[in-house]
Amino acid sequence: METHKLSADLALPAPVLVVEDNPLVRNRLERLLLQLGYVPDALVMVGSLSEARRYVADEADHAVSLALIDLGLPDGNGAELIAELNAKIPNLPMLVISAWSTQEAILAALRAGAIGYVLKERDDLEIAVALRSVLRGGAPIDPFIARRIIDELPALAETPAPAGDRLPSDDAGLSQRESTILHLVVEGMNNREIAERLFLSRYTVESHIKNVYRKLSVSSRTQAAHEARRRKLVG
């Protein structure tokens with residue numbers, strides 16, 4: 001691993017591979033890395049899985065010492081690249097910086113080999129802190145994501161209920177979190193209010209609501225509320 005230079009007490013491994021398709025976010029990350037002490041030549045900015053794969057295809061010419069990876073890319077899921085890099089370059093520090101905050105996305109990225117996960121909605125200071133943590137060998141997890149994982153632990157630990165205790169089939173297969181959010185939708189709360197009530201990000205709430213719509217076969221909050229009352233999913 002090449003050490004590019006020192007910034008304060010940080011050794012800066014280079015080159016850094018930044019995989020992000022949004023030009024504004026890509027420029028933002030570049031600016032933050034430059035502020036940490038990197039020079040432009042130490043940064044490799046790509047916007048898709050295919051570009052990243054082409055870059056690392058010849059490891060002799062294109063080594064990677066640190067990777068910042070988005071998940072929602074135009075040609076696939078960034079978790080695929082994380083798994084490939086983890087196999088190709090063991091112990092490579094990889095930080096996810098993404099708008100996705102569903103349990104499935106988070107766990108898939110961490111299982112693939114990411115050492116940290118930060119939401120794009122964080123301000124520059126928070127993302128810079130996460131970058132510094134990675135450079136010091138840490139594993140930064142976004143506070144909303146940490147809270148989400150903690151919230152999900154009881155549900156993950158639950159054993160299946162006996163057949164006689166299970167909810168009827170008309171429960172639409174909603175998870176406990178989805179059911180809670182559905183109740184708040186019926187109460188008339190918007191996404192921001194629900195996020196604040198449950199200490200979740202707006203992206204997480206939006207993802208849950210989309211799942212609720214799909215399971216109830218509806219396409220609006222009004223329809224969801226009507227269907228929830230018809231099925232007696234809410235009081």
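Visitor: How many helices and how many strands does the chain have?

Guide: The model is predicted, so local features need pLDDT of at least 70 and side-chain atom pairs count only at pLDDT 80 or more, while totals for chains, interfaces and linings use all residues. Residues are numbered from 1 along each chain as its sequence is written, and side-chain values use heavy atoms, leaving out hydrogens and water. The chain has ten helices and nine strands; these are DSSP runs numbered from the N terminus, helices being H or I of at least four residues and strands E of at least two.

Visitor: In what order do the five strands of the open sheet lie?

Guide: Two strands pair if DSSP finds at least two bridges between them. Here the order is β4-β3-β5-β8-β9, with parallel pairing. β4 (43–46) and β9 (116–119) are the edge strands, each pairing on one side only. From one strand to the next, the twist averages 15 degrees.

Visitor: Which way do the side chains of β5 point?

Guide: In a regular strand, side chains alternate between the two faces of the sheet. Leu66 and Leu68 point one way from β5, Ala67 and Ile69 the other way, and all are buried (under 20% relative accessible area, with a 1.4 Å probe and protein chains only). Buried residues make up 46% of the 235 residues in the chain.

Visitor: Across which strands does helix α5 lie?

Guide: Helix α5 (residues 124–135) lies across β5, β8 and β9, at about 165 degrees to β8. Helix α2 (residues 49–56) lies across β3 (16–19) and β4, at about 160 degrees to β3. Angles run from 0 to 180 degrees between N-to-C directions, and axes are lines fitted to C-alpha atoms, for helices over the stretch in contact.

Visitor: How do α7 and α10 cross?

Guide: Two packed helices are described by the angle and the distance between their axes. The axes of α7 (residues 176–186) and α10 (residues 221–230) come within 9 Å and cross at roughly 110 degrees. That makes α7 roughly perpendicular to α10 (65 to 115 degrees). Contact, meaning heavy atoms within 4.5 Å, is made by residues including Leu182 and Val185 of α7 and Ala224 and Arg229 of α10.

Technical notes:
Angles under 35 degrees count as roughly parallel, over 145 as roughly antiparallel, 65 to 115 as roughly perpendicular and the rest as oblique. Buried means under 20% relative accessible area, exposed over 50%, partly exposed in between (1.4 Å probe, protein chains only).
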